[in-house]
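Reader: Could you walk me through this structure, one question at a time?

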Amino acid sequence: MQPELVLASRSPRRREILSRLGLSFSVQPGEVDEAGVTGKDPAELVERLALSKALDVAGSRERALVIGADTIVVLGGEVLGKPADSAEAVAMLERLQGRTHQVYSGLAVVEVEAGSTVRKAVGHRVTEVTMRPVDQEEIEWYVGTGEPLDKAGAYGIQGLGVLLVDRIEGCYTNVVGMSVPLLLQLTKQLGYALVRDFRLPDDEA
């Protein structure tokens with residue numbers, strides 16, 4: 001019997017990525033104290049957070065493949081999380097405009113059999129994003145849309161935030177929050193062909 005596919009994230013962007021692939025999956029956000037998870041570098045941090053989220057959900061499943069993910073924005077070595085409010089979002093975007101930053105997304109896939117974790121695969125991707133120079137009016141208009149307030153780095157490239165981006169180097173879905181090539185790689189390491197094994201029937205897709 002095929003395991004169920006579970007997304008351990010409340011992110012609508014990650015949910016949309018899996019839906020666009022036509023996958024059959026359920027959502028159960030992993031509950032992790034992100035402040036309590038530390039890493040020596042951004043790559044280690046996102047991998048640890050992704051794995052912690054996946055393991056939190058894996059413990060409540062009988063037979064499943066659980067996907068955990070985490071995304072951070074790094075500018076000049078400093079991690080930029082989600083802005084606390086509109087003023088912080090404006091400040092972040094003022095710093096990002098006209099500069100290049102890195103988006104790190106960690107992914108973890110945990111296989112559960114008979115209620116126990118049996119295997120796991122973890123990795124990350126990095127994408128370089130260069131923002132175009134924008135003025136204060138544009139920044140304040142964008143923040144006023146409300147879009148930046150729940151996003152690392154205070155912008156969403158899949159939405160109106162694309163208006164602020166000049167170019168990217170690397171995986172686009174990584175910037176959205178979950179690298180599809182990496183997800184395919186990790187599930188393959190565990191012996192699964194993601195789209196073939198978990199695709200919705202054609203009459204439901």
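Author: Gladly! Gly98 comes after helix H3 and has a positive phi, near 75 degrees. Helices here are DSSP runs of H or I of at least four residues, strands are runs of E of at least two, and both are numbered from the N terminus. This is a predicted model: local features need pLDDT of at least 70, side-chain atom pairs count only at pLDDT 80 or more, and totals for chains, interfaces and linings use all residues. Residues are numbered from 1 along each chain as its sequence is written, and side-chain values use heavy atoms, with hydrogens and water left out.

Reader: Is His101 buried or exposed?

Author: His101 sits in strand S5, residues 100-113. Its relative accessible area is 0%, so His101 is buried.

Reader: Which side chain does the side chain of His101 join in a polar contact of 2.7 Å?

Author: A polar contact is a pair of N or O atoms within 3.5 Å; within protein, one must be able to donate a hydrogen and the other to accept it, and residues adjacent in sequence count only if both atoms are side-chain atoms. For His101, the side-chain partner at 2.7 Å is Tyr155.

Terms used
Buried < 20%, exposed > 50% of the residue type's maximum accessible area, 1.4 Å probe, protein only.
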